[in-house]
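Please keep the sequence and the model in view while reading.

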Amino acid sequence: MDDTRQLFNSMDPAPFRERDIDPEAAQYILDWAYEVSGRKSLGLAVHLGRENTSGDTTTIVTQAVHEYFRGRAQASRKELKKLLRTGRITLVIALVFLSAVNGFSEFVSELIPHEGLFWLINESLLIAATVALCQPIAIFLYDWWPIRADARLYDRLSVMDVQVFCANTASACVVEQPAL
């Protein structure tokens, strides 16, 4: 990229140091990071073309990348917490509904002498109770895994080594990064 402004979201009204990373740049970093094994450490090299880069620019870019992905990790954890809360609520509702269906089924069995009609009502209610259990089961078995994996990836990206390279010098314009 020619200048650090391309890395940041131009629509973000925050001061330059606090801006979000451009969505396309963030997606590019994420696509690359998904391909890297979870056991390998991550690093990002930002190559700048025309901009006169200083240690301050390197610090700004490093902090921005780390903050952006730290924020994404926090957002993913909030999303996971919300999903699990929804799962608990829907599970309670489904279990109450299942109990009500069982109670109603017992009540109806005494009222309806015809066995075929009772069977139809009982099976219909059982199917409805099974459908009510589908969402909480899906949440607790499958839906939370990808969100947790994303949060872990964002954590890794929030501490990765970031180096800024200048076109006007052969070496990296890197300032010693503070220990996290």
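The unreviewed UniProt entry places the feature "transmembrane region" at residues 86-105 and 125-145; UniProt positions are given in the numbering used here, feature names are shortened, and annotations may be inferred rather than shown by experiment. This is a predicted model, in which local features need pLDDT of at least 70 and side-chain atom pairs count only at pLDDT 80 or more, while totals for chains, interfaces and linings use all residues. Residues are numbered from 1 along each chain as its sequence is written, and side-chain values use heavy atoms, with hydrogens and water left out.

In residues 86-105 the span is 100% helix and 0% strand, with its end C-alpha atoms 28 Å apart. Residues 125-145 are likewise 100% helix and 0% strand, and here the end C-alpha atoms lie 31 Å apart.

**Overall layout**

The protein has 3 helices and 2 strands, where helices (H or I, at least four residues) and strands (E, at least two) are DSSP runs numbered from the N terminus. Read from the N terminus on, these elements follow the order α-β-α-α-β. Of the 180 residues in the protein, 31% are buried, a term that means under 20% relative accessible area, whereas exposed means over 50% and partly exposed lies in between (1.4 Å probe, protein chains only). Among contacts (heavy atoms within 4.5 Å) between residues at least 6 apart in sequence, 74% join residues at least 24 apart.

**Nonpolar cores**

A nonpolar core is a set of buried Ala, Val, Leu, Ile, Met, Phe, Trp, Tyr and Cys residues joined through side-chain atoms within 4.5 Å. The largest such core holds 21 residues, and the members that touch the most others are Ile21, Leu44, Val65, Phe69, Leu157 and Met160. At least two residues of this core come from each of helix 1 (23-35), strand 1 (43-48), helix 2 (55-111), helix 3 (115-157) and strand 2 (161-166). Another core, of 5 residues, lies apart from it and includes Leu83, Ile139, Trp144 and Ile147.

Which residues does Leu157 touch, not counting residues up to four places away in sequence? They are Ile29, Leu30, Trp32, Ala33, Leu42, Val65, His66 and Phe69. Among these, His66 is placed in helix 2 and counts as buried at 6% relative accessibility.

**Aromatic rings**

A search of the whole structure finds 3 aromatic pairs. Rings of Phe, Tyr and Trp (its six-membered ring) pair if their centres lie within 6.5 Å; planes under 30 degrees apart count as stacked, over 60 as edge-to-face and the rest as tilted. The rings of Tyr68 and Phe69 have centres 5.0 Å apart and planes at 80°, so this pair is edge-to-face, and both residues are buried. For Phe69 and Tyr154 the centres are 6.3 Å apart and the planes lie at 25°, so that pair is stacked. Tyr154 is buried, as is Phe69, and together Tyr68, Phe69 and Tyr154 form one aromatic cluster.

**Helix 3 and its bend**

Helix 3 has 43 residues and reaches 63 Å from its first C-alpha to its last, close to the 63 Å expected at 1.5 Å a residue, the expected span being 1.5 Å times one less than the number of residues. At Ile139, helix 3 bends by about 50°, where the bend is the angle between axes fitted to the seven residues ending there and the seven starting there. Ile139 is buried, with a relative accessible area of 2%, and, leaving aside neighbours within four places in sequence, Ile139 is in contact with Leu83, Thr86, Gly87, Thr90 and Trp144. Other buried residues of helix 3 include Ala129, Leu133, Pro136, Ala151 and Leu153. Ala149, also in helix 3, is partly exposed, with a relative accessible area of 45%.

In helix 2, Ser105 counts as buried at 9% relative accessibility; setting aside neighbours within four places in sequence, Ser105 is in contact with Phe118 and Asn122.

| Pair | Separation in sequence | C-alpha to C-alpha distance |
|---|---|---|
| Ile139 and Arg85 | 54 residues | 10.0 Å |
| Ala149 and Ser76 | 73 residues | 9.3 Å |
| His66 and Val162 | 96 residues | 8.8 Å |
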